[in-house]
Amino acid sequence: MASTLPHSPPADDGPFLRADAARNRARLLDAAERLVAEHGAGEVTMEAVAAAASVGKGTVFRRFGDRTGLLLALLDHSAKKLQGDFLSGPPPLGPGAPAVERLRAFGVAVIDWSVEQLDLILASHSDSVRRLSHPIRQVFLAHVTALLREVAVDTDFELHAQALLAYLDPSLIHHLTGECEMPVSRVKAGWTDLVDRVTRP
C-alpha cells in the first residue's frame, strides 16, 4: 500500500540513489519485522532496528522520522494483502458482490487482520492524530464510503462510514476480545448486524 509517512526521507538526485534508498528501507523493515516477531512491537526501538540492520541509528531516523513512523511503515507493509483483497480480490470481499455483502466481508476481514496484527497496531497507534489521518485508515474510509454510496440509502455517507470504522478500531477490538473476553465470532456478528442496520432502507 503506498503511503506518505509524516516524516518523508530527503529527495534524492538520481535513479541509482532512489534504488539504493529503497533497498535500505526494505532492509530496515525486514530487521524491524524480525524484532517484532521475536520481542513484540512494544520493545522495538530505533536503536535496536539500526543494530539488527547493521546501520547507523541516523539512517533509521532519516528513513522513518521516529519510532511511530517506523511502526506505521511496518503496518503499511502488513496491510498490502488486505487492501489487494478488498480492492481486486474475489467476492464477496472483492468486486462482484452486492455492496452490503462486501461491507459485511470487509469488516470481518479487518477484524481478522486486527487480531493478527494487534501488537503492531496498538504500538503504532500512540499518536491518535497520525492514526486517524494515516493512509491505511483513509483507504478503509474511502472504501466503506464508496460501498455505502453504492447501497444508495438516504444517509450521510461520510459520517456513517466514520461510525462503521469506529467499530473496527483495533483498540476497541482489543478491549472487547481481551478485557471483556468476548469471542471474535461475537464481534464479527456485531459488525454484520451493524452493517444491516445502517444499510436498511
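This is a short talk on the overall fold and on helix 10 of one protein.

The model is predicted, so to speak of local features we need pLDDT of at least 70, and side-chain atom pairs count only at pLDDT 80 or more, while totals for chains, interfaces and linings use all residues. Residues are numbered from 1 along each chain as its sequence is written, and side-chain values use heavy atoms, with hydrogens and water left out.

Start with the whole chain. The protein has 11 helices and 0 strands; helices are DSSP runs of H or I with at least four residues, strands are E runs of at least two, and both are numbered from the N terminus. Of its 201 residues, 43% are buried, meaning under 20% relative accessible area with a 1.4 Å probe, protein chains only. The protein exposes about 10,300 Å², by the Shrake-Rupley method with a 1.4 Å probe. Carbon and sulfur atoms supply 55% of that area. Take contacts, that is, heavy atoms within 4.5 Å: among those between residues at least 6 apart in sequence, 67% join residues at least 24 apart.

Now helix 10, residues 170-179. Which residues are buried in helix 10? They are Pro 170, Ile 173 and Leu 176. These lie on the same side of helix 10, because they cover an arc of only 130 degrees around the axis, taken from the directions from the helix axis to the C-beta atoms. Their cover includes helix 5 (99-116), helix 6 (118-124), helix 9 (157-167) and helix 11 (184-199).

Last, the ends. Asp 169 caps the N-terminal end of helix 10, with a side-chain oxygen 2.9 Å from the backbone nitrogen of Ser 171. Just after helix 10, Glu 181 has a positive phi of about 55 degrees.

Notes: Buried means under 20% relative accessible area, exposed over 50%, partly exposed in between (1.4 Å probe, protein chains only). A polar contact is a pair of N or O atoms within 3.5 Å; within protein, one must be able to donate a hydrogen and the other to accept it, and residues adjacent in sequence count only if both atoms are side-chain atoms.
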